[in-house]
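Walk through this model with the sequence at hand.

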Amino acid sequence: MIRIQRLTTFCGLIAIPTWSLFQIFLMFFQHRNNGDLLDTTINSYELLLLLHVLVLATSLLMFQLLIVGRPRSALRGALRLVNRPMTWLSASLVFSPLTQHSSSPTTHQTEGIPVAGVISPAFAAGALAHILRRRREQIQQMISPDRLTLNELQTVGQIQLSAQNCEVSGAEIVDLMSNSEVVQVLRAVDRPLPDQTTQETVVTEWALVVRLFGYPVVENEAGYVAQFRKRRSLELLTWLALNRDRSRRSAARTAMWDLDITDSTFSTVVSDMRRGLAELDQQARRSDWVPTTYSDELPLSIRVITDDVLMAQALQSFRKDSSNSFEIVRALSHVRDVPFAGTSYSWADLDGTTTRLVILSITAALEVALWALSAGDMAAFETAVTAGLRVFPGHEELLALQNEAKLRCHDSGFRFVSRQIC
């Protein structure tokens with residue numbers, strides 16, 4: 001019996017310190033770059049590290065007592081202390097998962113936020129209110145904002161996460177200049193879109209178009225609309241079509257979901273998106289629209305296009321030759337409402353996508369309306385003005401042009417003006 005007890009004790013004194021030593025090295029290398037060991041506060045992982053150190057030290061002491069042959073009383077005390085090695089091993093097993101993963105949620109949620117800590121809900125809500133206010137002002141000023149980088153989008157996602165369940169009025173806006181990462185994002189919000197007058201919009205042959213002006217829909221050339229069983233499938237498709245240069249799973253998940261989702265849930269959304277696209281073209285396979293990859297990449301077929309690209313190309317052709325007005329008028333005729341109407345795509349408002357779409361449609365509507373009014377093409381004029389007022393009700397220049405057209409209603413050159421204008 002004594003031999004069995006000693007054998008059990010020796011096995012425990014070998015297994016327990018080995019496990020604790022492994023945990024100590026693992027915890028140290030995971031957190032050595034965070035600066036946690038050098039600060040004045042004690043967090044949970046430091047307490048767990050201390051526990052493993054005590055387990056290691058005690059086990060080594062008991063092992064030494066058994067080796068050197070201390071008096072029987074000391075040995076009995078040691079045996080009583082270590083006679084339950086499973087208790088210590090269980091404690092290590094219980095605490096070790098927390099040790100290995102306790103930093104993961106914090107790292108995920110605070111990535112992009114300074115080490116000083118996560119911004120407060122009031123601070124985050126104030127930052128979001130500022131961004132949305134600047135987006136509205138940019139529309140008023142007709143200044144197209146630049147696209148945010150991936151790091152900036154990640155910071156915006158963390159700001160949204162911190163601002164959840166926080167209601168802030170204008171008087172409660174806090175000082176936003178005290179957080180460097182937020183300041184960087186706020187400056188990026190005011191960054192104008194680079195001059196693209198010399199760049200041509202290249203449109204390849206397309207089979208499906210994602211219409212963004214109004215509630216997003218996906219149509220083929222015959223006008224049939226794709227049906228998706230999951231609401232997120234349409235949103236993911238919309239995001240991928242607008243962000244081809246950053247079409248990665250991680251980027252899409254950061255933009256669309258406030259909280260992280262499981263891989264299985266995301267895969268279900270991707271599968272439903274493939275199915276909805278494939279139903280519009282029976283000759284193509286599901287993987288032809290969104291190829292299957294075993295990496296972070298999530299490419300979208302170039303045969304899927306957005307209607308803002310079609311509008312931009314038609315506007316360029318119209319500027320070169322006003323006689324090429326058919327395509328731009330047709331593009332404006334597809335404008336049903338404000339971009340993303342009836343959705344809750346917060347990423348589109350925050351990253352400036354909605355602002356850029358509104359400015360594009362207003363610019364096209366104004367240029368076509370001015371040309372049509374001077375050329376006497378009142379059908380094109382009505383289409384342009386109607387489209388512009390749908391995305392920006394109350395636009396002063398469009399309303400002024402509409403009033404000018406009404407004053408010309410009785411001129412001989414405008415005998416066939418539509419009743420809506422007159």
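This is a predicted model: local features need pLDDT of at least 70, side-chain atom pairs count only at pLDDT 80 or more; totals for chains, interfaces and linings use all residues.

E152 is buried, because its relative accessible area is 6%, under the 20% limit.

Now look at D190. Its side chain meets that of R134 in a salt bridge, at 2.6 Å from N to O. This pair, too, links distant parts of the chain. D190 lies in the loop between α8 and β1 (208-211), R134 lies in helix α6, and 56 residues separate them. D190 is partly exposed, with a relative accessible area of 38%. R134 is buried, because its value of 16% falls under 20%. E137 joins in as well: R134, E137 and D190 are linked in a network of salt bridges.

The model has 14 salt bridges by this rule. Another of them joins R285 and D288, whose closest N and O atoms are 3.4 Å apart. R285 counts as exposed, because its relative accessibility of 58% is over 50%. D288 counts as partly exposed, at 32%.

Go back to helix α8, which spans residues 180-189. Which of its residues are buried? They are V182, V183, V185, L186, A188 and V189. The cover over the buried residues of α8 includes α6 (121-141) and α7 (150-162).

Next, the nonpolar interior. In soluble globular proteins, nonpolar side chains tend to be buried together. Here the largest nonpolar core holds 72 residues. Which of its members touch the most other members? They are V218, L236, L277 and I328. Helix α16 (residues 353-375) gives the largest share of this core, with 11 residues. A second, separate core has 17 residues, including A125, L148, V156 and V189. V189 is also one of the buried residues of α8.

Leaving out residues up to four places away in sequence, V218 touches L208, V209, V210, Y224, V225, A226, F228, L234, L237, L277 and L280.

Then find S325. S325 lies in the loop between α13 (307-320) and α14 (326-333). Is S325 buried or exposed? S325 is buried, because its relative accessible area is 13%, under the 20% limit. Setting aside neighbours within four places in sequence, S325 is in contact with F318 and W371.

L50, V53 and L54 make a nonpolar surface patch of about 260 Å². L54 lies in helix α2, residues 44-68.

Key:
Residues are numbered from 1 along each chain as its sequence is written. Side-chain values use heavy atoms; hydrogens and water are left out. Helices (H or I, at least four residues) and strands (E, at least two) are DSSP runs, numbered from the N terminus. Buried means under 20% relative accessible area, exposed over 50%, partly exposed in between (1.4 Å probe, protein chains only). Contact means heavy atoms within 4.5 Å. A nonpolar core is a set of buried Ala, Val, Leu, Ile, Met, Phe, Trp, Tyr and Cys residues joined through side-chain atoms within 4.5 Å. Patches are made of residues with over 30% relative accessible area and no salt bridge: like charges are joined within 9 Å, nonpolar side chains (Val, Leu, Ile, Met, Phe, Trp, Tyr) within 5 Å. Accessible areas come from the Shrake-Rupley method with a 1.4 Å probe; for residues, only the protein chains shown count as cover. A salt bridge is a side-chain nitrogen of Lys or Arg within 4 Å of a carboxyl oxygen of Asp or Glu.
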